[in-house]
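Reader: Hi! Could you walk me through this structure?
Author: Happy to, let's look together.

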Amino acid sequence: MNGNRAAAAGVQQAAKALDLRVSIAGVEWKNPITTASGTFSARESGAFYDISRLGAVTTKGVAEVPWAGNPSPRIAETYGGMLNSVGLQNPGIDAYLNEELPCLAGFDTKVIANVAGHSIEEYCAVVERLNESSVDMLEINISCPNVKEGGIGFGVDPAQAATVTKAVKAIAKKPVIIKLTPNVTDITAIAKAVEDAGADAISLINTLLGMRIDARKGRLVLANKTGGFSGPAVKPVALRMVYQVRRAVKIPIIGLGGISCGEDVAEFLMAGADAVAVGTAALTNPTAPVDILEEFKAYMQEMGFATVADVKRAFRE
Ligand SMILES: Cc1cc2nc3c(=O)[nH]c(=O)nc-3n(C[C@H](O)[C@H](O)[C@H](O)COP(=O)(O)O)c2cc1C
């Protein structure tokens with residue numbers, strides 16, 4: 001065998017030896033990559049790549065009844081990212097169970113249902129319905145405003161975050177991931193509160209609260225005034241929060257916020273995440289989740305890592 005062929009065979013052997021499996025709250029994913037809620041739909045994303053290639057897919061937030069979302073304009077570009085004020089528009093749990101979920105049947109991937117609510121009762125009503133469904137995990141988006149408490153977000157107050165976690169855990173028949181908002185002073189206080197309340201895992205970050213003004217018109221760009229900031233520009237904030245939360249809790253962490261390439265995945269794993277999600281990157285390149293997976297595999301081979309644990313262990317601070 002000449003040198004090149006021997007080298008190629010070596011790479012192939014390394015490729016065969018890669019073990020990307022991760023276990024998140026007792027659920028085994030074939031690799032550590034999922035989609036970020038709101039940036040994936042079975043029908044649209046499935047037209048661009050084989051959904052079975054991902055460790056898991058996370059679906060758009062679903063509420064008890066349909067939500068209309070916010071008025072337009074509700075998307076704005078900004079440096080290194082975007083603002084959205086979609087406002088969790090969704091067709092409600094009936095449509096989710098009858099239309100979205102059947103589109104995911106037959107794919108060899110785990111399904112994470114992202115749950116939205118305006119009250120504890122609304123979150124629980126959705127969880128009850130999902131208990132009897134084929135979803136593998138629940139992701140509770142606690143960035144939603146609590147209408148019974150004057151509209152303040154569940155996720156900005158440790159006591160409220162704990163209350164919603166306890167209520168959901170009391171009835172959930174699937175592992176519960178609590179998705180944290182970064183719009184807080186001390187993310188570790190919220191993370192500890194939800195861990196103590198029984199959360200099986202944490203995902204972070206949701207979008208950062210932002211705004212844009214059209215200086216020529218002297219008007220706000222988004223009809224809702226503010227929107228959620230996401231994309232590559234938020235990655236350093238997300239990474240810092242994953243790092244802090246890893247040192248505050250023991251439960252698994254799904255890290256997200258601006259992930260755009262294979263090495264971004266490694267950065268989040270090194271910061272303390274056990275898996276990651278790809279969001280805004282898929283809005284500019286629909287195949288981003290699987291492209292990033294391939295880049296991550298190439299990075300692992302190049303670095304001589306065989307497992308996700310090897311990547312995490314290589315972090316020396
Ligand atoms: C258009 C859009 C819709 C989103 N919808 C949801 C949602 O329904 N539920 C949720 O928990 N997060 C939602 N998010 C937040 C993302 O899941 C993710 O937490 C955030 O965008 C940061 O990751 P990224 O920078 O990779 O996009 C949405 C984000 C975008 C851009």
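Reader: How many bridges join strand β15 to strand β16?
Author: Three bridges join β15 (residues 253-256) to β16 (residues 275-278), and the two run parallel. Strands here are DSSP E runs of at least two residues, helices are H or I runs of at least four, and both are numbered from the N terminus. Two strands pair if DSSP finds at least two bridges between them.

Reader: Before we go on, where does the model come from?
Author: It is a predicted model, where local features need pLDDT of at least 70 and side-chain atom pairs count only at pLDDT 80 or more, while totals for chains, interfaces and linings use all residues. Residues are numbered from 1 along each chain as its sequence is written.

Reader: Thanks! Which residue in β16 is the bridge partner of Gly255?
Author: That is Val276.

Reader: And what is the strand order in the open sheet?
Author: The eight strands go β3-β16-β15-β10-β9-β8-β7-β4, with parallel pairing. At the edges, β3 (33-35) and β4 (56-58) each pair on one side only.

Reader: What does Val194 touch, leaving aside neighbours within four places in sequence?
Author: Val194 is in contact with Ala161, Ala162, Thr165, Ile178, Ala199 and Ile202. Contact means that C-beta atoms, placed from the backbone, lie within 7 Å.

Conventions
Two residues are in contact if their C-beta atoms, placed from the backbone, lie within 7 Å.
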